[in-house]
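Hello,

Here is the structure I promised to pass on.

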Amino acid sequence: MKCIIIDDEPLARAEMEALIKEVSSISILGKFPNSKTALNFLEDNEVDLVFLDIEMPMISGLEFAEQLPENTLVIFTTAYTKYASKSYELDAIDYLQKPVDRTRLHKAIKKAEIYKSLLSDETKKNMIESNSNDFFIVKSDRKFFKINFDDIRYIEGLKDYVVIHTENQKLITAMNLKTIQQKIAPQTFLRVSKSYVINVNFVDSFDHHNIYLGEIQIPLGDVYKKKFFNIYSGISFNYEM
């Protein structure tokens, strides 16, 4: 994979470069102090992954991410937590808070590598062939997989695809979240952000910003909070905290 680093602080760029080289062998094509110079670079160069700060002069990281090609993945790196929900609305691979933890960075890069492989491998594009009230059939790599709704932990949207996460596997299909949500049991699955649908039976805990399915942390979007608290918990409290 080929990546670039964008951050307006020279020390932050140097630290990120050192961390990336420490935990991964991905190729760093360049480091940029702002989004404008990075956009100029991208006009003549193809990049798989961008490590992107958010609060920068001229063009913010969020504005920059909206201008990236569909096949370019983003990992946000920022000192602030307040942009997390917005970052996932932009289909970010991950959101890392500074100072960036080595283990979290390694996991984020691995996730980016997996999704890049899935999205570029035509043989792994799936199709939902049929479904009933309890399961659907997914075609993958010349095989048919029966996926019981009860086995699905969550479904993750990634650009024009969704990734179905069960206890034992991940299956990718060329379909958006809205479409697949129409094929699954509405009493069990709940949209909690632009990029995630969860099986409420797997929820272990939640706060005003995230939902936890075991070790999996799912961002809770602002526009989905009221419905989540009312439907899942069955109680009323201040969900705007």
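Let me start with the rings: Phe136, Phe149 and Phe189 form one aromatic cluster. Rings of Phe, Tyr and Trp (its six-membered ring) pair if their centres lie within 6.5 Å, and planes under 30 degrees apart count as stacked, over 60 as edge-to-face and the rest as tilted. Please keep in mind that this is a predicted model, where local features need pLDDT of at least 70 and side-chain atom pairs pLDDT 80 or more, while totals for chains, interfaces and linings use all residues. Residues are numbered from 1 along each chain as its sequence is written, and side-chain values use heavy atoms, leaving out hydrogens and water.

Searching the whole structure gives eight aromatic pairs. One of them is tilted, because the rings of Phe32 and Phe41 have planes at 45 degrees, with centres 5.1 Å apart. Phe32 is buried at 12% relative accessible area, and Phe41 is buried too, at 18% (buried means under 20% relative accessible area, with a 1.4 Å probe and protein chains only).

Phe41 also belongs to helix 2 (residues 35–42), where Ser35, Ala38, Leu39 and Leu42 are buried as well. These buried residues fall within an arc of 160 degrees seen down the helix axis, so they line one face of helix 2. The arc is taken from the directions from the axis to the C-beta atoms, and helices are DSSP runs of H or I with at least four residues.

Best wishes

Terms used:
Buried < 20%, exposed > 50% of the residue type's maximum accessible area, 1.4 Å probe, protein only. Helix = DSSP H or I, 4+ residues; strand = E, 2+ residues; numbered from the N terminus.
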